[in-house]
Amino acid sequence: MKKRIGSYPSVRVRGGGRAVVSQAGSVLLVETIRKSGLDNAISAALAPWHKARAVHDPGKVLLDLALAVAMGGDCLADVSLLRAEPAVFGPVASDPTVSRLVTTLAASGPRALASIRAARAEVRERVWSLAVGNRPDADGRVVVDIDGVLVIAHSDKQDATPTWKKSFGHHPLMAFVDHGSGGSGEPVAALLRPGNAGSNTASDHITATRLALAQLPKQLRRGHQTLIRTDSAGGTHAFVNWLTRRGRWLSYSVGMTITADIHQAVLKVPASAWTPAVDADGQIRDGAWIAEIGGLPLAGWPTGMRLIVRRERPHPGAQLRFTDVDGNRLTCFATNTKDGRIADLELRHRRRARAEDRIRNARDTGLRNLPLHGTSQNQLWLEIVSLALDLLAWMPMLALTGQTRRWEPKKLRLRLFSAAATLVTTGRRRWLRFSDSWPWSNVITDAISRLQALPDPG
């Protein structure tokens, strides 16, 4: 009989290896920080918290935390991933130093948060100017999606309360710039709220929108070239009226609850008024129709608001609601966009679903759990998560092409960041040499070349 030796080769293991760098592919994130000028901007923003005799710069400490989260970490102690490789990440502060800085910045409250956010906005404008052809406002317009996310708390943390889904934790409100079908998205607002915060609280939506607009280049902060997109949680009188009053009108596309008035209006829409819906390729979608409803008593709503309803055959087994009509599922949204076919406007609104992908990626990047106890500390953690997500969005914008630009954080970590390399010193230069057998070594080296070809920040 043939002796069975198992499915995998047997290898012997021992320590003592030299010049081998783990997580070497994360140099892509380090180079993104350098070329974007994020290190200088964050260091300048946190200069007031730099003690005279301190060894570690607060900006570097905060960016190290963001790098650790981008690489898959989910707590302060995961900065040890960077500390293990000083040749790539430089000197990294000890765990007690990191903890003390987080406590100090959290105690500063809005002042520290405002400084970090201002630095992010400054760098974002530079990154968008460098990302020729890949910038989210390439056509002069930008879309901001606002959505809530439930974060489960596994211990009694400050402001952790029962949620509307019968869980226990927090209910942050997030905003993301949509990069379209060719990319991902980047965070522009993260508002920490108690778990029992309402889904349709207009004041929170206004605050999140203010934070999001402050992150955009100045020419996009007001005017029709910026579209604010939400689900039905944003369909409140106060929020829509605020969007309308914001300087020159912001464009909006907000989901609406099917009220009794809307339900009755749908019943009166003639068959000839329903238009077939279209899919992402512009092709007619079977079993779905849309119509614009006019003549409704829209008391309290702004002038110029359009109401568009979608009627669709439900999927097999789907449970209908009382407001559905003739066995068809009804959804509704409001917009102030004047031009364009209603089919295109409805497709534009439906693409808000990409925000769910952004939230899923955020959960994989430090948002699955808020690791600290105090609310101010966890709000700072949200800023660290936002920095990590910025890096995971900016690096593909600046360095990747084709389908690799759409890789989500998990795939970036498994294929690029986790790649090991040998560190070779020749003359006065240090080189990371990636294995030819690693399938994505060329992706890493090509991306590094594109980043290094970018101009250094002034």
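Two strands are taken to pair if DSSP finds at least two bridges between them, and helices (H or I, at least four residues) and strands (E, at least two) are DSSP runs numbered from the N terminus. This is a predicted model, in which local features need pLDDT of at least 70 and side-chain atom pairs count only at pLDDT 80 or more, while totals for chains, interfaces and linings use all residues. Residues are numbered from 1 along each chain as its sequence is written, and side-chain values use heavy atoms, with hydrogens and water left out.

**The whole chain**

Along the principal axes, the C-alpha atoms fill a box of roughly 80 × 70 × 45 Å.

Colouring by burial comes next: buried residues make up 52% of the 458 residues, where buried means under 20% relative accessible area, exposed over 50%, and partly exposed in between (1.4 Å probe, protein chains only). Of the contacts between residues at least 6 apart in sequence, 67% join residues at least 24 apart, a contact being heavy atoms within 4.5 Å.

**The sheet S1-S14-S15**

Select residues 20-21, 421-426 and 429-434. These three strands form an open antiparallel sheet in the order S1-S14-S15. Strand S1 (20-21) and strand S15 (429-434) stand at the edges with a single partner strand each, so one side of each is left without a neighbour in the sheet.

On one side of S14, two bridges pair this strand with S1 in the antiparallel sense, and there valine 20 has threonine 422 as its bridge partner. S14 is also joined to S15, running antiparallel, by six bridges, with leucine 423 standing opposite leucine 432. Then centre on glycine 427, which takes a positive phi near 65° in the hairpin of S14 and S15, where two residues lie between the strands.

**The sheet S3-S5-S4**

Move to residues 151-152, 161-162 and 168-170, where another three strands form an open antiparallel sheet in the order S3-S5-S4. Here strand S3 (151-152) and strand S4 (161-162) are the edges, each with a single partner strand, so one side of each lacks a neighbour in the sheet. S4 and S5 run antiparallel and are joined by two bridges; proline 162 has phenylalanine 168 of S5 as its bridge partner.

Now select threonine 230, which lies in strand S8 (residues 226-230). Is this residue buried or exposed? At 0% relative accessibility, threonine 230 counts as buried. Leaving aside neighbours within four places in sequence, threonine 230 is in contact with Ile146, His205, Phe239, Ser253, Val254, Gly255, His349 and Arg352.
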